[in-house]
Amino acid sequence: LVYCYRKPKTKRAKRFLEKREPKLKENTKNAMLIKGGNANSTVTEVLKDIYAVKKPFAVLYKRKNITRPFEDQTSLEFFSKKSDCSLFMFGSHNKKRPNNLIIGRMFDYHVLDMIELGVEKFVSLKDIKNSKCPEGTKPMLIFAGDMFDVNEEYRRLKNLLIDFFRGPCVSSIRLAGLEYVLHFTAVDGKIYMRSYKVLLKKSGCKIPRIELEEMGPSLDLVMRRTHLASDDYYKQSLKQPKALKPKKKKNISHDVFGTTYGRIHMQKQDLAKLQTRKMKGLRKRPGEKLAEDGGVSPKKSKSA
């Protein structure tokens with residue numbers, strides 16, 4: 001696809017294009033949630049709950065879109081460029097693949113990789129009657145199961161889920177803000193997604209007692225089809241500009257605990273020429289000086 005660039009005619013259009021230009025520190029990734037042409041009520045509710053979790057960094061398309069991402073990706077690329085979203089979730093339903101979800105991401109407005117998941121069990125936010133986390137809360141992500149480290153498809157799914165749910169990058173963390181947990185477990189060919197609210201209870205000391213209360217949504221998923229990028233294309237998407245790469249500093253090293261060690265190069269010091277404090281008791285006698293010199297001083301001639 002070739003996109004024609006036209007010079008903006010107004011200041012508003014110029015600001016809009018400047019926001020989409022490449023930056024050293026990119027904006028938080030937005031996700032678009034698209035409903036397929038034959039989506040049922042279960043898939044619709046899943047998309048709504050994921051939208052509630054992702055807000056305000058998500059766009060929900062309420063109209064049905066007749067497309068098949070694994071066969072034709074042009075419509076997804078069009079929506080990605082229109083809404084400036086690099087993440088997407090597409091929901092559909094048919095007899096061959098019931099309650100189908102496709103989660104994926106874009107690179108340069110082209111599909112990088114996507115994974116198809118089937119929903120076998122779903123519990124929505126409305127079904128669990130308790131307090132919810134406020135909008136825009138950054139979640140803590142936990143992954144359990146050896147499959148996320150052994151299998152290449154599960155490893156890529158883990159990376160994709162982290163990219164999808166991690167939210168904005170923050171420089172500091174406060175204890176009261178750690179109140180939302182997303183837990184993913186891979187066991188027996190299934191992926192269990194659970195979300196919890198963190199409750200800080202009194203413990204009688206400074207460190208509070210932590211309890212997890214299920215909040216929803218809750219999903220039991222099974223992996224179906226995958227469309228993974230090649231190693232070269234995936235490596236290209238991870239490339240960083242030179243300005244962001246840390247400059248190497250000579251003679252500086254770090255240990256596993258983060259302690260910084262520096263090495264200083266100095267000339268060898270001659271301790272014999274070291275200037276010490278002058279004291280009368282440390283003065284050398286004339287005889288000692290002569291013994292060090294290794295000679296005898298000539299007698300002074302008497303003056304006539």
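**Aromatic rings**

A search of the whole structure, which is a predicted model, turns up eight aromatic pairs. Let's start with those, then move on to charges, a helix and a surface patch.

- F164 and F165 make an edge-to-face pair, because their ring centres are 5.0 Å apart and their planes sit at 65 degrees.
- Both F164 and F165 are buried.
- F165 also pairs up with F184, and this one is tilted: 6.0 Å from centre to centre, with 40 degrees between the planes.
- Since F165 belongs to helix α5 (residues 152–165) and F184 to strand β7 (residues 180–187), the pair ties together parts that are 19 residues apart in sequence.
- F165 has a relative accessible area of 4%, so it counts as buried, and F184 is buried too, at 1%.
- Zooming out, F143, F148, Y154, F164, F165 and F184 form one aromatic cluster.

**Charges over rings**

- K81 has its charged end sitting over the ring of Y109, 4.5 Å from the ring's centre.
- R225 lies over the face of F70, and here the distance to the ring centre is 4.3 Å.

**Salt bridges**

Side chains of opposite charge can pair when their charged atoms come close. In this structure there are 15 salt bridges, and here are some to look up.

- R225 turns up again here, in a salt bridge with E116, where the closest N and O atoms are 2.9 Å apart.
- That pair links distant parts of the chain, with E116 in strand β5 (residues 110–123) and R225 in strand β10 (residues 218–227), 109 residues apart.
- Are the two partners buried or exposed? E116 is buried, with a relative accessible area of 0%, whereas R225 is partly exposed at 31%.
- E120 and K190 form another salt bridge, with 3.0 Å between the closest N and O atoms.
- This one also links distant parts of the chain: E120 is in strand β5 and K190 in strand β8 (residues 190–201), 70 residues apart.
- E120 counts as partly exposed at 46% relative accessibility, and K190 does at 30%.
- E211 and K201 meet through their side chains in a salt bridge of 3.2 Å, N to O.
- Here E211 comes from strand β9 and K201 from strand β8, ten residues apart.
- E211 is partly exposed at 30% relative accessibility, and K201 is partly exposed at 32%.
- There is also a network of salt bridges linking K29, R105, D113, E152, R155, R156, D163 and R166.

- Which residues of helix α3 (residues 74–83) are buried? They are L76, E77, F79, S80 and S83.
- These residues cover an arc of only 165 degrees around the axis, so they lie on the same side of α3.
- The face of α3 turned away from that buried side carries F78 and K82, which are exposed.

**A surface patch**

- L175, L200, I210 and L212 make a nonpolar surface patch of about 400 Å².
- I210 is found in strand β9 (residues 209–214) and is exposed, with a relative accessible area of 57%.

**Apart in sequence**

- T42 sits in helix α2 (residues 41–54) and is partly exposed, at 26% relative accessibility.
- T42 and E120 are 78 residues apart in sequence, and from C-alpha to C-alpha they are 10 Å apart in space.

Notes: Residues are numbered from 1 along each chain as its sequence is written. This is a predicted model: local features need pLDDT of at least 70, side-chain atom pairs count only at pLDDT 80 or more; totals for chains, interfaces and linings use all residues. Side-chain values use heavy atoms; hydrogens and water are left out. Rings of Phe, Tyr and Trp (its six-membered ring) pair if their centres lie within 6.5 Å; planes under 30 degrees apart count as stacked, over 60 as edge-to-face and the rest as tilted. Buried means under 20% relative accessible area, exposed over 50%, partly exposed in between (1.4 Å probe, protein chains only). Helices (H or I, at least four residues) and strands (E, at least two) are DSSP runs, numbered from the N terminus. A charge sits over a ring if NZ of Lys or CZ of Arg is within 6 Å of the ring centre and within 35 degrees of the ring normal. Patches are made of residues with over 30% relative accessible area and no salt bridge: like charges are joined within 9 Å, nonpolar side chains (Val, Leu, Ile, Met, Phe, Trp, Tyr) within 5 Å. Accessible areas come from the Shrake-Rupley method with a 1.4 Å probe; for residues, only the protein chains shown count as cover. A salt bridge is a side-chain nitrogen of Lys or Arg within 4 Å of a carboxyl oxygen of Asp or Glu. The arc is that of the directions from the helix axis to the C-beta atoms.
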